[in-house]
Amino acid sequence: MDVIQNDHFVLVQRKSQMSLNQLPKREGKQWTIKIGRDLVDLSTALGKPHGTFKLVRNEQNKSKGFVLVPSNDVVEMKEKLKDLNSGDNNKEIWDDGKSQQLKKEDIEELRGQGLTGSEIVSQLVENSKTFQIKTEFSQEKYLNKKEEKYSEWVEIFKPNIRHLAKYFHSQDPMQILNLRPDTLAMIMSLANIKSNGKFGVFDGGCQGLVTAAILDRIQGLGTVWNLFVKGTPQKRLIQAMNFSPEQLKPLKNANLRKLKEVLTKEENGDDVPAAKMIKLDEDAPPPLEFGSLDGLVVVCRRPNSIAKELVKLLAPSGNFVIFCPYAEPLSDTYIDFRECNLAVNLKLTETWFRTHQVLPLRTHPEVNMSGSGGYILSGIKVCS
């Protein structure tokens, strides 16, 4: 059974609030996180399957807040209050700040008495002068807003690529170069990522998201060369995926400066260091040489010069995808590739995506949306 373990990453969600957390490395250690305004001991979920948990007041140490108890009996507030009356319209409702009789101090007192989130929301509804004359749609929006603060139900997910991409894009899009989940899906498709392939990826600012997506797709079958210029390769999201050693086996890191020196010597017929020679080992990956990659993905802010160098590693008929949050750098790369007849099916595209609210009484696009999910230059390399 897939259970929550020490030193693993998990995604904790209450309604629309989501956070990425790593569990303690040492067994028996308390690990307190904040969910909204509540302090929760995340270590109490260790050894339990991923799923729905209920926040229960910590009776042994109330200052520690809540502990997590697995639960399958989730009851939403709208189910509890479905028998209440509702109005035909909101024209009689005025936002004068006096409709709610409970003050902030009263709510804190209720929380101190150990009332659950559902009980607090019920008290808010009972002490609202206008709730029962609101329309059904307005009542549901009110309950959703209150449950964001007071709900005692949380979901604990095992991280996957879609959840991580969505989470980081909602928190701070430029942490991952404004790469939306739908754009990431297009990159994977256009680069033809598949098992038993040999792929190169240059992740210049996405925290390892693209590399993690490729590793997740090939599931231990193939080779992924993680290319970087200086320092160490980005791996934050690779760690967050909780990959097994078997899934991480295809990952090979290569410093581009050192690699270029070796490949230049080899091309000129100079002596190649022993480390470059093919090992007589069945498990050893094939060496990274000019024209040896089946697919290439480049993700960075200024891709022009790096892309022209890295495309030399791609085999003829190999797919390449270059992603940039801005259109201008990719326009220059597009012109350079087209003039030297480097590729066929060369396309510069922008993905467009708008989320929708899905409610029982109304479905419509959300008011806020991202202006751009970045730009993609894709093509298939040919021999000039």
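Analyst: Let's start with a definition: rings of Phe, Tyr and Trp (its six-membered ring) pair if their centres lie within 6.5 Å, and the planes count as stacked when under 30 degrees apart, edge-to-face when over 60 and tilted for the rest. The structure holds two aromatic pairs. Please note that this is a predicted model, where local features need pLDDT of at least 70 and side-chain atom pairs count only at pLDDT 80 or more, while totals for chains, interfaces and linings use all residues. Residues are numbered from 1 along each chain as its sequence is written, and side-chain values use heavy atoms, with hydrogens and water left out.

User: How do you know whether Phe320 is buried or exposed?

Analyst: Phe320 has 2% relative accessibility, so it counts as buried. Phe337 is buried too, at 2%.

User: What makes the contact of Asp2 and Lys158 a salt bridge?

Analyst: A salt bridge needs a side-chain nitrogen of Lys or Arg within 4 Å of a carboxyl oxygen of Asp or Glu. Asp2 and Lys158 meet at 3.3 Å, N to O, so they qualify. Asp2 lies in the segment before strand E1 (9-14) and Lys158 in the loop between strand E7 (153-157) and helix H5 (161-171), so the pair ties together parts that are 156 residues apart in sequence. Asp2 is partly exposed at 39%, and Lys158 is partly exposed at 41%.

User: How many salt bridges does the structure hold?

Analyst: There are five. Among them is the one between Arg180 and Asp182, whose closest N and O atoms are 2.9 Å apart. Arg180 is buried at 4%, whereas Asp182 is partly exposed at 22%. Another joins Lys312 to Glu309, with the closest N and O atoms 3.5 Å apart. Lys312 is partly exposed at 40%, and Glu309 is partly exposed at 37%.

User: Which residues form a positive surface patch?

Analyst: They are Arg37, Lys104, Lys145 and Lys149. Patch residues have over 30% relative accessible area and no salt bridge, and like charges are joined within 9 Å. Lys and Arg count as positive, so this patch is called positive.

User: How do you know whether Lys145 is buried or exposed?

Analyst: Lys145, in helix H4 (residues 136-150), has a relative accessible area of 60%, so it is exposed.

User: Where is Met241, and what makes it count as buried?

Analyst: Met241 sits in the loop between helix H8 (236-240) and helix H9 (245-248). Its relative accessibility is 6%, so the residue counts as buried. The C-alpha atoms of Met241 and Val10 are 8.9 Å apart, although 231 residues separate the two along the chain.

Note on methods: Patch = residues over 30% accessible without salt bridge, like charges linked within 9 Å, V, L, I, M, F, W, Y side chains within 5 Å. Areas by Shrake-Rupley, 256 points an atom, 1.4 Å probe, with all protein chains shown as cover. Charge placed at Lys NZ, Arg CZ, Asp CG, Glu CD. Helix = DSSP H or I, 4+ residues; strand = E, 2+ residues; numbered from the N terminus. Buried < 20%, exposed > 50% of the residue type's maximum accessible area, 1.4 Å probe, protein only.
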